[in-house]
Amino acid sequence: NFLTITVSGTVSPSATGNLVNTATVTSGTSQSDPTPGNNSATDTDTPAPQTNLGITKTDGSATYTAGAAISYTIVVSNAGSSNATGASVADTVPANITGVTANCVATGTASCGANASVGNAVSFTGVNIAAGAGNFLTITVSGTVSPSATGDLVNTATVTAGGGQTDPTPGNNSATDTDTPAPQT
C-alpha cells in the first residue's frame with residue numbers, strides 16, 4: 001500500500017539559486033519504524049531561467065527625407081516566465097544617419113542598464129526586465145538623415161538574453177524598420 005501526494009505551485013519569476021524541497025514521513029503514535037533512513041526525500045532543481053524577450057522598432061513613417069531629423073522608438077519587453085537579467089540591446093544605426101543619440105526610459109520593474117553607445121553603435125548592457133506586460137524599456141534613437149542619402153534606410157535592433165538564461169522564442173528578438181526615400185516634389 002502507498003499514498004501519493006502531489007504538491008503544485010508556481011516558481012517566482014525572480015527565483016535564483018537551487019530550488020530544494022524535502023518531504024519527511026513520521027511514524028504514528030505508539031508505532032516504530034525499523035528503517036528510519038528512508039523517511040525523507042529531497043528534490044533539488046537547478047535554475048533554468050526562461051525569458052521571452054521581444055523588441056519592436058519604428059520611426060512611425062514608411063519614408064524618410066534626406067537632410068531631415070529622424071527618431072526611432074524601440075520597445076523591449078519580457079513575456080517569459082522568468083525575470084530577464086543581464087540582457088543587452090544593440091542597434092547599429094546606418095552610417096547615413098548622423099549625430100546619433102540614444103535615451104532609455106524604464107517602465108514598471110525594469111532597468112536600462114548601462115548606455116554603452118558610441119557613435120552609430122547604440123548599445124545598452126546589463127538590462128533587467130521583470131516578467132509581465134507592465135515591465136518594458138522604451139529606447140529613443142535620434143539623428144539626422146544625411147542630405148546625400150539615397151535608397152532604402154534599413155535599421156535593425158536586437159535584444160539578447162543575459163548569461164545563463166534561455167529565450168525559447170528567438171524570432172521576436174530583432175526588429176527592423178525600413179523607410180524608402182520620400183517622393184521629391
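Strand β7 (residues 97-107) is joined to strand β11 by 9 bridges, and the two run antiparallel. Strands are DSSP runs of E of at least two residues, numbered from the N terminus, and two of them pair if DSSP finds at least two bridges between them. The model is predicted, so local features need pLDDT of at least 70 and side-chain atom pairs pLDDT 80 or more, while totals for chains, interfaces and linings use all residues. Residues are numbered from 1 along each chain as its sequence is written, and side-chain values use heavy atoms, without hydrogens and water.

Strand β11 (residues 136-145) also runs antiparallel to β5 (residues 69-78), again through 9 bridges.

| Residue | Opposite residue in β11 |
|---|---|
| Cys104 | Ile139 |

Ile139 is among the residues with the most contacts inside the largest nonpolar core, which has 30 residues. Such a core is a set of buried (under 20% relative accessible area, 1.4 Å probe, protein chains only) nonpolar residues, namely Ala, Val, Leu, Ile, Met, Phe, Trp, Tyr and Cys, joined through side-chain atoms within 4.5 Å. Leaving aside residues up to four places away in sequence, Ile139 touches residues including Tyr72, Val76, Val89, Cys104 and Phe124, a contact being heavy atoms within 4.5 Å.

Elsewhere, the second largest pocket is lined by Phe2, Leu3, Thr4, Ile5, Thr6, Val7, Ala23 and Val25. By class, this lining has 6 nonpolar, 2 polar and no charged residues.

Methods:
Helix = DSSP H or I, 4+ residues; strand = E, 2+ residues; numbered from the N terminus. Buried < 20%, exposed > 50% of the residue type's maximum accessible area, 1.4 Å probe, protein only. 1 Å grid on protein atoms, 1.4 Å probe; cavity = no way out; pocket = protein on both sides within 12 Å on 5 of 7 lines; lining within 4 Å. Nonpolar A, V, L, I, M, F, W, Y, C, P; charged D, E, K, R; others polar.
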